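Dear colleague,

I am handing over the structure below, and I would be grateful if you could read through it alongside these notes.

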Amino acid sequence: MISPEFLLTSLIVVASPGTGVLYTLAAGLSRGSKASVVAAFGSTIGIVPHMAAAILGLAALLHTSAVAFQTFKYLGVAYLLYMAWKTLGERGPLSVDTDVGAPSALQMTVTGVLINILNPKLSIFFLAFLPQFVATDDPHPLGRMVELSAIFMLMTFVVFVIYGLFAAWLRDHVITRPRVLTWMRHSFAAAFVALSAKLATAER
């Protein structure tokens, strides 16, 4: 049986604004509901390596190795800054969907995966988070962690889709107002920069 504490904690973590939520909102605002679901899917898939690392104990390497952690961290910082720069452009995450130059579903999925995979704090979070909900006398602890991970991912996808669909609902009020769209581009770019700064100052 899944504990209510796990579900509540997972919901708080998933619903808290982060890079995945930000990317899904941008996709919904600029390209509609279908794109927001694709972005949510990519962002959710980006969690898989972190969960696998936690389950297999590989996240301990990031926790104990300063070089590994710093390398991974600054790759994530660089990618978030790249996303901020792209957001300000006409072909970035907040570019209005057109037949020419619009990213494919695969491109959007890859972007979503990279946004979450280049964050070493996620691996360390799951290393500390998942074991708390596995009983010490559980006969199949690995299976239990996989089960909890699957539930966490499902919750992530559902919450992200809700965020994205809400953004898509607001889309018509945004793309018909160039000034609002410009403000949104600058706001999302600033948010990506803020998240990169937060990651840059993160410690093990």
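What follows is a short account of what was found in it.

This is a predicted model, in which local features need pLDDT of at least 70 and side-chain atom pairs count only at pLDDT 80 or more, while totals for chains, interfaces and linings use all residues. Residues are numbered from 1 along each chain as its sequence is written, and side-chain values use heavy atoms, with hydrogens and water left out.

The secondary structure of the chain comes to 10 helices and 0 strands, where helices (H or I, at least four residues) and strands (E, at least two) are DSSP runs numbered from the N terminus. Of the 204 residues in the chain, 44% are buried (buried means under 20% relative accessible area, exposed over 50%, and partly exposed in between, with a 1.4 Å probe and protein chains only).

The axes of helix α2 (residues 19-31) and α3 come within 7 Å and cross at roughly 160° (axes are lines fitted to C-alpha atoms, for helices over the stretch in contact, and angles run from 0 to 180 degrees between N-to-C directions). That makes α2 roughly antiparallel to α3, a term used for angles over 145 degrees.

Isoleucine 45 belongs to helix α3, which spans residues 33-45, and with a relative accessible area of 32% isoleucine 45 is partly exposed.

Proline 49 lies in helix α4 (residues 48-56) and, at 34% relative accessibility, is also partly exposed. The C-alpha atoms of proline 49 and asparagine 116 are separated by 9.4 Å, although these residues are 67 apart along the chain.

How values were computed:
Parallel < 35°, antiparallel > 145°, perpendicular 65-115°, else oblique.
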